[in-house]
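I opened my notebook for a new structure.

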Amino acid sequence: KITKHPETIKTVQGKDVEFECEAEVDPLLSADASISWFKDGKLVSARNSLSSVLPLQFVSADDAGQYSCRIMSEVGEVSASAELFVKKKTKISSQPFKGDKVEGESLFLSCEFE
């Protein structure tokens, strides 16, 4: 059984994140048990340990999706999933005001961002 489920993560581009998953298996079956990680149904990492961390470094929008840990043993398998949401960093796209104004005149300043 899964004793530590991966948790949904919300982050911004460029950050490092990690998913964790732990399982408990009958000691007689633990030698053949393993944890594998999947992203959107595709294998990304396979480990033999029943305590597993999937590190993701400098995440981008391509890393967003559903991550699942799957524990397999001789008697079956169980899995748990979590989502990774990756937002773009906020970026100011307008240029600062450059110029002269006479005291008392109105001035309109705007700030555009992505």
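Which residues form a disulfide, and how far apart are their sulfur atoms? I found C21 and C69, with sulfur atoms 2.0 Å apart. I took a disulfide as a pair of cysteine sulfur atoms within 2.5 Å.

Ground rules next. I am reading a predicted model, where local features need pLDDT of at least 70, side-chain atom pairs count only at pLDDT 80 or more, and totals for chains, interfaces and linings use all residues. Residues are numbered from 1 along each chain as its sequence is written, and side-chain values use heavy atoms, with hydrogens and water left out.

I searched the whole structure and got 1 disulfide. The link of C21 and C69 is right-handed, with 55 degrees about the S-S bond. It ties distant parts of the chain: C21 lies in strand β3 (residues 17-23) and C69 in strand β7 (residues 65-73), 48 residues apart. Strands here are DSSP runs of E, at least two residues, numbered from the N terminus.

Are the two cysteines buried or exposed? I noted C21 as buried because its relative accessibility is 0%. C69 is buried too, also at 0%. Buried means under 20% relative accessible area, exposed over 50%, partly exposed in between (1.4 Å probe, protein chains only).

**The sheet.** I then traced an open sheet of 5 strands, in the order β2-β8-β7-β4-β5, with mixed pairing. Its edge strands are β2 (9-12) and β5 (42-47), each pairing on one side only. Two strands pair if DSSP finds at least two bridges between them. β4 (residues 34-39) runs antiparallel to β5, and 5 bridges join them. I checked W37: its bridge partner in β5 is S45.

How values were computed
Helix = DSSP H or I, 4+ residues; strand = E, 2+ residues; numbered from the N terminus.
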